[in-house]
Number of protein chains: 2
Amino acid sequence: MAATLSADEIFHEFKEHSIAEFFRKNSQMLGYSGKVRSLTTIVHEYVTNSLDAVEEAGVLPDIRVDIKEIGESRYTVCVSDNGPGIPSKHVGKVFATVLAGTKFHRYVQQRGQQGIGAAGCTLFSRITTGKPVHVKSATSKERYECDIDIDIKSNKPLVKNMATILAGGVAGTTVCGEFAEVKYENSDHGVYEYIKRTALSNPHASITLVEPTGKEVVFLRSVTELPKRPKAIKPHPLGIDVNDFVEFAHRSQSRKLSAFLVEAFSRMTSGKIAELKDVSHDIDLDADPTKITWSDAERVVKAFKQIKWMAPELDSLSTIGEKQIEIAIKNILAPKFMSVVERKPKVFRGGIPFVVEAGIAYGGESGKKVDENAKDGSVVEAEGNVLRFANKVPLLFDASNCAITEAVKGIQWKRYGIANFEEEPVSIFVNVSSVYVPYSGPGKQAVAKEDDIIEEIRLAVMDCGRILQRYLSGVRSLQLQESRYKTIMRYVEQLSKDLGEITGVDSKTLEASLKSTIEKKYNKLFADPEKEDASIAEEESETEEAEG
Amino acid sequence: MAATLSADEIFHEFKEHSIAEFFRKNSQMLGYSGKVRSLTTIVHEYVTNSLDAVEEAGVLPDIRVDIKEIGESRYTVCVSDNGPGIPSKHVGKVFATVLAGTKFHRYVQQRGQQGIGAAGCTLFSRITTGKPVHVKSATSKERYECDIDIDIKSNKPLVKNMATILAGGVAGTTVCGEFAEVKYENSDHGVYEYIKRTALSNPHASITLVEPTGKEVVFLRSVTELPKRPKAIKPHPLGIDVNDFVEFAHRSQSRKLSAFLVEAFSRMTSGKIAELKDVSHDIDLDADPTKITWSDAERVVKAFKQIKWMAPELDSLSTIGEKQIEIAIKNILAPKFMSVVERKPKVFRGGIPFVVEAGIAYGGESGKKVDENAKDGSVVEAEGNVLRFANKVPLLFDASNCAITEAVKGIQWKRYGIANFEEEPVSIFVNVSSVYVPYSGPGKQAVAKEDDIIEEIRLAVMDCGRILQRYLSGVRSLQLQESRYKTIMRYVEQLSKDLGEITGVDSKTLEASLKSTIEKKYNKLFADPEKEDASIAEEESETEEAEG
């Protein structure tokens, strides 16, 4: 018989969890599932933080990732950067408080957004090896090292063995951790691939990877120009919800609602204030913003949507850049052909700006490497040959859950000369940049399937596809001409003899004349292969019919 | 020129976020994305909590869900249950502290695990309408009502207008909230489908849905027996990690490690302690468990893995039950055929018990309803006709990310008589039960793709598939015989005439004799359709070749 419980008995055990405890129990949500994936997640978190920090200091990133195998499924990972360093009074929370960071309150595009990553690594080190992480850091004012552990129950850092480093050197941070239940593997989902793709999307960074074998792989920077630093911007009137509006208003220094609006929002002018007045007579623009009620705020937000606004400011977005992508693709994939586009920025959810860059590489190293080795229990998804990035960070997992995959797979590739997407030597590159990338989970491995974002990715990839299609049809036209040329040439000798017999003309003369005529025709074609596109296309479809 | 920042400048803005703030910014991670999905998420969270509470009190659940449209994309949702009620001193945290609850510390199977759901609803009400939720509750000791809001910055409840209710009545809880950015829609991902599936997997519950039109739909209970209450169990030695081991040991009351092991773990006997001693001589079983070091604990956990253990206790698992599933499927899908299996419990990650129930329904209402209406921007995934459940809770979203989908789609359906899975009137039902279901995200809409779980689902569904295959081959055999019978009968008259002319026998006599012979043969077949399976199968394949 099941005992029944009263409300008091049930609630006797009522407790609160820390967010660290939650993610300890659900570490798969942060990307810690499977040995190979877990190691990639660690490297991803540290490298992402390093790149953000170095760029914020305005220098070209030099990152070093050093991985050593120290036991069965047990490794140390060290990541060093030449960033501005971390003030010692903040270092504990950076590495051992989940949801702490410098990045929440600024409306600016960065790789990290959530303040989970580095603390998640410390959590994973603690639950798999019981060890703290070791951090060395140097700012312009101090240089120190220490051990940092996380108190899971309270989500608070435990900083131990803090020591000042006397020897000099440049600014920067190095973190080393020991992790079990991880594995280094040269697969599509492994660290090597992750670093390679990071180099692809950050051509201004130099990244050194020391593999467990001791082999040192250096991805040298291919451009020496720093990417344009994204500016923190004001929110766009179409990108605000009522809750945020009320919060901003209540914190306002302005005495009048109208002044608050102009001060707090981008694209807000006195002209627009007048329009607001016209749209909704119930809004008191002289009211005190710090006392605005929910329903008044709702009225304002609703009125925002009835007015035409200039597009959001785009200074908030930092793209990789067409030229940089081309250089990086050339260096890493060495394709026979590529085409890259950067679309104009768009918005999703009404007012959050984002921009899509896309590229197609064909031939050379392009195309999927089949992942034969990943048999360690980590779930390896078929990803096609789609290189996904968000804010320049490679996304290696959860492909099936991602707007980029959905957009790319939805394209009718036959139209672009790709008969079977999975089998041809083609790589699709997509980078989605935004102040706020809507990830589908806290592990940040997939872009949520927002309709506006999917559509924009489709358009970007199809732009590239059209250029690819012209290239492929040119290549195929050439191939067709070449094979015809050879076929015809094969008959020239016999034909000349037969014609000679019939006509009495010298067969050598006939042969020379025929050859010269044929060569003239085909040389012209080889020099300008696109010219016969239309006729070729017709013939190709005839061929298909004949074969069918 | 980009301004460069020093470490101090960067960390000037260092802040901590509450978990409520995190989920406010990332509400899509909790299932709040798209209007239809958001409404389903709200109903899901409240109904799940209600079912857990009512069952814990040991009574048959009576749940009422009442949805009213009060404006454009704006609804009220009320959910009432006949549970034990919530003590007033806990009610604030239940509805307005993310990660608070009664369910964390018990090793027992329940629908809710995380303490996010109901607080997530309050959060969503706050950010879309600025309103608190209203709660009425009655325990055996008190009855009251109040408004509950959430302070997002601190993740703390704000309880207002607390009032004692004087009128009598039975125990239970009602929560009402007002939500915007939601939509009621009769689609595969809507509330109606969610409730229908909840009724399917909880045949002991009576659930009433009042739709916004005022139409009342009652899903009456189809069984009156309460499901076996799952027991809280001790962890299995193979299901513990070092971190948990250290935590448990440090909290132990035992003076010796050996006593702690027997007390804390299931399947641990003095015989097993002796085996442990044999396996690892470095373990001091007389040591004080509260002082165990990480490396000692690591040694013990490693030794656990070298010993043979009895399977985990299964009292922790509460399944729906084969008979109950059959009754529910009959009531709701009215199929022409069904087959249901409950597999034996298995473990994943070495020692976490789980059990899979599966069913196949064919014909009747089985099969996918195509979702024509969901054009509101919510992303609707093609889900096939797979009804996914975890701990009896329907999973309507994130199908592509789910172990159940992966397992079902991986099956070669042709072998089981299903030529095209997407187009036949077939529904697959899968319920995964565990103390700890590894969800792939905090929205709990997909089971993480653990290899052990995928394999077990495959086996369960294939078990059902084999029975379906026999049924379908019987049906098809019958159809084939019938069509042959009709064809032959069509020629009997002419044949009799011709034979009569040739032989001089009366054609009527011949016709009667032929008909009787044919009927005899086919009647026998119709009575025992499986008998000719083999020959039919041969002929079918011949037919296919002839058609090809």
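User: What makes strand S5 and strand S8 of chain B a pair?

Analyst: In this predicted model, five bridges join S5 (residues 133–138) to S8 (residues 172–180) of chain B. Pairing takes at least two bridges, so S5 and S8 of chain B qualify. The two strands run antiparallel. For one bridge, look at B:Ala138, whose partner in S8(B) is B:Gly172.

User: How do you know which strands of chain B stand at the edges of the sheet?

Analyst: Follow the order, S7-S6-S5-S8-S3-S2-S9-S10 in chain B, an open sheet of eight strands with mixed pairing. Strand S7 (156–164) and strand S10 (216–219) of chain B each have a single partner strand, so one side of each is left without a neighbour in the sheet. From one strand to the next, the twist averages 15 degrees.

User: What makes helix H3 of chain B one that packs on the sheet?

Analyst: Its contacts do: H3 (residues 35–56) of chain B touches strand S2 (62–71), strand S3 (74–81) and S8 of chain B. The direction of H3(B) makes about 10 degrees with that of S3(B).

User: And which strands does helix H4 of chain B touch?

Analyst: H4 (residues 88–96) of chain B packs on the sheet by touching S5, strand S6 (143–151), S7 and S8 of chain B. Its direction makes about 40 degrees with that of S6(B).

User: Why are the two copies said to be related as by a two-fold rotation axis?

Analyst: Chain A superposes on chain B (RMSD 0.2 Å) by a rotation of 180 degrees with 0.1 Å of shift along its axis. The two copies are therefore related as by a two-fold rotation axis. The same surface serves both copies, as 98% of the contact residues of chain A recur in chain B.

Conventions
Residues numbered from 1 in each chain as written. Chains lettered and ligands numbered in written order. Predicted model: local features only at pLDDT ≥ 70, side-chain atom pairs only at ≥ 80, totals over all residues. Helix = DSSP H or I, 4+ residues; strand = E, 2+ residues; numbered from the N terminus. Axes fitted to C-alpha atoms, helices over the stretch in contact; angles between N-to-C directions. Contact = placed C-beta atoms within 7 Å. Least-squares fit on C-alpha atoms with pLDDT ≥ 70 in both.
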